[in-house]
Amino acid sequence: MAEVSYFTKDGLEKLKEELQRLKTTGRSDISKQIAEARDKGDLSENAEYDAAKEAQGLHEAKIAQMQETLANARLLDESKLDTSKVLALSIVKIKNLKNGATMSYQLVAESEADMKAGKISVASPIAKGLLGKRVGEKIEITVPAGKIEFEILEVSR
């Protein structure tokens, strides 16, 4: 069974736009590559043709995966979400109790994650450890580097 993904309105629009781009210009570009390679002669020994056909297969697989994600996508209404605890789309300010560093993250769908923008996937170890917790709670989260203790300072939307 396919996994349900939760998206913001912007995230869902970006997914739809990317899928449309892949279906139109992406397929067109690959068709041109295949045609150019086919024009170069014997297909049995044409590495460019093989590479273009492989790229086409990967492209179609990506389209199929995005269509499945879109079919199982759920739009979240941010105005109706509870701000008393950490949920998907929450903006969480946490403090590392070992070194005192504070950081702020927004928990988003995996496809929307962008570390530079402070958006982490709800499937990440830190987000999983934060989900369902409230302001003031101290939690220990296991990450690849070991265990880190955090305190939740603030939860907002």
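Predicted model: local features only at pLDDT ≥ 70, side-chain atom pairs only at ≥ 80, totals over all residues.
Local features need pLDDT of at least 70 and side-chain atom pairs count only at pLDDT 80 or more, while totals for chains, interfaces and linings use all residues. Residues are numbered from 1 along each chain as its sequence is written, and side-chain values use heavy atoms, with hydrogens and water left out.

Tyr 49, Ala 52, His 59, Ile 63, Met 66 and Thr 69 are the buried residues of α2, buried being under 20% relative accessible area with a 1.4 Å probe, protein chains only. They pack against β1 (5-7), α1 (9-38) and β2 (73-75), where contact means heavy atoms within 4.5 Å.

For residues 84-156, UniProt lists "domain: Transcription elongation factor GreA/GreB C-terminal" in an unreviewed entry; such annotations may be inferred rather than shown by experiment. This span is 8% helix and 45% strand, and its end C-alpha atoms lie 8 Å apart.

Five strands form an open sheet of mixed pairing in the order β5-β4-β3-β7-β6, two strands being paired if DSSP finds at least two bridges between them. Because β5 (119-121) and β6 (138-143) stand at the edges with a single partner strand each, one side of each is left without a neighbour in the sheet. Strand β4 (residues 102-108) runs parallel to β5, joined by three bridges. Gln 106 stands opposite Lys 119 in β5.

Terms used
Helix = DSSP H or I, 4+ residues; strand = E, 2+ residues; numbered from the N terminus. Buried < 20%, exposed > 50% of the residue type's maximum accessible area, 1.4 Å probe, protein only.
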